Amino acid sequence: MIFLGIETSCDETAVALLKDEREQLVSLVSSQVDLHQKYGGVVPELASRRHIEVLTPLIQEALIQAGLNLKEVDAVAVTRGPGLVGALLVGMETAKALSIGLGIPLLGVNHLAGHIYAAFLENEVKLPALALVVSGGHTELIAVDEEEKFRQLGTTRDDAAGETLDKIARFLGLPYPGGPQIDLLARRGDQNYHRFPVAEMDNPLDFSFSGLKTAVIYFVEELKRRGESVPIENICASFQEAVVNSLISKTKRAIKQGSYKRVIVSGGVAANSRLREKLKELALKLNVELYIPSPGLCTDNALMIARAGFALFKKGLTLSLKEDVDPNLSLYE
Ligand code: KG4
Ligand code: ZN
């Protein structure tokens, strides 16, 4: 079976064709970074308009690259939420039109589930597993009991990890999106330059990054006030280390608490080189299987949406044409 995946929840227009669960025929991602860069963050209205312009040509291009005819597509999977409502609608309306026109099933995918299923594209992942989804909008520890059965173990009480990285990068004058910039600069810095504090929550599996964000801002402002130079690489390294350590310590706790043997880590921040390094160390120490998709599958893409659509299809969970996008769609029952 050939699944067409469509992702338009935020600032990437992505289209992919996936055959029989694992065979990656084509994956195209049209980034809107150029559009939003001068505003330092995503402007929802601009995002929707760009999705409208780009999506149909991108689907055509994907079909050409895969050497397929539209009629050969057997099902269409689209991100239903969470995300920006206007952006989600562009993908959903296009997917519905294809579903009606071609008479094929429509699958409405949860974006977080998509990130989790990204790990299934490159590996045979047995379940149950623990999943850590770290992106621009989410920081969640999730119990994946079986396909389509998710339980929330921990979440962020304020900012998501990626959001924190992006905000501090912006404060430091780095271009948007900031996560990859911090990753690069941190490699040349000293992670022990300064110990930035990370708050603890009542639920030990919950995250909080807003205090850390404030601590970094105060620290840098104090340096400036004293007329000292700002060692940007050291600050990036120390700040990134605090974010990574928080993610690692909670993941470690969740693994032990649930006696997990398998851990999936995905979402844009899972592309971070330091996080990947420390996760590998952790997996080795605790003797668990670690599944982190290659960096291009960690960040937003449509292969993961197609694969998640496949999981829904196997369970007969097609989306009715009467249903719509949900900007706050929950992964949990
Ligand atoms: O999953 P994603 O592409 O979109 C959302 O669903 O949010 O994640 C985007 C986030 C952004 O915050 C971006 O700065 C971060 O992932 N990111 C990174 C890296 N690559 C992307 N953060 C740290 N290191 C990276 N290499
Ligand atoms: Zn995402």
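The model is predicted: local features need pLDDT of at least 70 and side-chain atom pairs count only at pLDDT 80 or more, while totals for chains, interfaces and linings use all residues. Residues are numbered from 1 along each chain as its sequence is written, chains are lettered from A and ligands numbered from 1 in the order in which they are written, and side-chain values use heavy atoms, with hydrogens and water left out.

Histidine 115 belongs to helix H4 (residues 111-122), whereas aspartate 300 sits in the loop between helix H10 (295-298) and helix H11 (303-314), so the pair ties together parts that are 185 residues apart in sequence. Helices (H or I, at least four residues) and strands (E, at least two) are DSSP runs, numbered from the N terminus. Both histidine 115 and aspartate 300 are buried. Buried means under 20% relative accessible area, exposed over 50%, and partly exposed in between (1.4 Å probe, protein chains only).

Another histidine, histidine 36, is part of helix H1 (residues 33-36). Histidine 36 counts as buried because its relative accessibility is 0%. A polar atom of its side chain lies 3.0 Å from the backbone nitrogen of valine 43. A polar contact is a pair of N or O atoms within 3.5 Å; within protein, one must be able to donate a hydrogen and the other to accept it, and residues adjacent in sequence count only if both atoms are side-chain atoms. With neighbours within four places in sequence left aside, histidine 36 is in contact with Asp11, Gly41, Val42, Val43, Leu46, Ala47 and Tyr176. Contact means heavy atoms within 4.5 Å.

Helix packing is considered next. Two packed helices are described by the angle between their axes and the distance between the axes. The axes are lines fitted to C-alpha atoms, for helices over the stretch in contact, and angles run from 0 to 180 degrees between N-to-C directions. Helix H8 (residues 232-258) packs with helix H9 (residues 273-286) at an angle of about 30 degrees, and their axes are 10 Å apart. H8 is therefore roughly parallel to H9. Angles under 35 degrees count as roughly parallel, over 145 as roughly antiparallel, 65 to 115 as roughly perpendicular and the rest as oblique. H8 and H9 cross in a right-handed sense. A crossing is right-handed if the near helix is turned clockwise from the far one by less than a right angle, and left-handed if anticlockwise. Residues making the contact include Val244, Leu247, Ile248 and Thr251 of H8 and Leu275, Leu279 and Leu282 of H9.

Helix H7 (residues 210-225) also meets H8: the axes come within 11 Å and cross at roughly 165 degrees. H7 and H8 are therefore roughly antiparallel, and their crossing is right-handed. On the H7 side, Leu212, Val216, Phe219, Val220 and Leu223 meet Ile235, Phe239, Ala242 and Val243 in H8.

The axes of H5 and H7 come within 10 Å and cross at roughly 15 degrees. H5 is therefore roughly parallel to H7, in a right-handed crossing. Thr164, Lys167, Ile168 and Phe171 in H5 meet Lys213, Val216, Ile217, Val220 and Glu221 in H7.

In helix H6 (residues 178-186), the buried residues are Gly178, Gly179, Ile182, Asp183, Leu185 and Ala186. They pack against helix H5 (161-171), H8 and H9. Glutamine 240 is located in H8 and is buried, because its relative accessible area is 5%. Residues up to four places away in sequence not counted, glutamine 240 touches Ile182, Asp183, Ala186, Asn272 and Arg274.

Serine 246 is likewise found in H8 and counts as buried because its relative accessibility is 7%. Not counting residues up to four places away in sequence, serine 246 touches Val198, Phe207 and Phe209. Asparagine 328, by contrast, lies in the segment after H11 and counts as exposed because its relative accessibility is 66%. The C-alpha atoms of asparagine 328 and valine 85 are separated by 9.0 Å, and the two residues are 243 residues apart along the chain.
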